[in-house]
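Student: I have a new model on my screen and would like to understand the words used to describe it. Could we go through them together?

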Amino acid sequence: MKCPGPPVIVWAMAAAFVLIELAFQASDTGALPMGNLRLDGYLHFAFFDIYFQAALLGEPIPDLAWITPLTSAVLHGGLVHLVMNVVMFLALGGYLAYLLGPVRVLVLFAVTAVAGALVFGVIADAQGPLVGASGALFGFIGCTKRWEWT
């Protein structure tokens, strides 16, 4: 059975990943006179282990830190990181959209991105931010493997 290509929602999400990273790249090179867009994006939307640990201890954290387990999945650490994640996202997301439907793929992406960030928060003692869709992609791989066993 041949799987059709990725549906529009998967392409749209991949395009969002690309557009965000291209804006970061343009800011990094000075082509966009907006300050350091990557730094600002990371500070507000990347997942930081230090905030996760503070939340576990009941300490106050910035308001936006609560959404970073999800938002960190759309940020990337450069073009190579972006290309690897987008290729895997298109392949796995397209296949899972064929099996589950586009809305469920969005939900699966959100759930596995958050789960990946939280696992990172538990096992890592990171000094920098977590960015990228890798946590969600590992969730996609797990879901795909589950389908192979039925």
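Predicted model: local features only at pLDDT ≥ 70, side-chain atom pairs only at ≥ 80, totals over all residues.

Student: What makes a set of residues a nonpolar core?

Tutor: The residues must be buried, be of the nonpolar kinds, and be joined through side-chain atoms within 4.5 Å. The largest such core here has 22 residues, and F17, F89, L96, F109 and F140 have the most contacts inside it. Two or more residues come from each of α1 (8-29), α5 (79-100), α6 (102-123) and α7 (134-148). The most come from α5, which gives eight.

Student: Which residues does F89 touch, leaving out those up to four places away in sequence?

Tutor: F89 touches V10, M13, A14, F17, G94, F109, L137 and F140. Contact here means heavy atoms within 4.5 Å.

Student: How do you know whether the radius of gyration agrees with a compact globule?

Tutor: Set the two values side by side. For 150 residues, a compact globule would have a radius near 15 Å; the chain has 16 Å, so the value agrees. Along the principal axes, the C-alpha atoms fill a box of roughly 50 × 40 × 20 Å.

Key
Residues numbered from 1 in each chain as written. Heavy atoms only, no water. Buried < 20%, exposed > 50% of the residue type's maximum accessible area, 1.4 Å probe, protein only. Helix = DSSP H or I, 4+ residues; strand = E, 2+ residues; numbered from the N terminus. Rg over C-alpha atoms; globule rule 2.2 N^0.38 Å.
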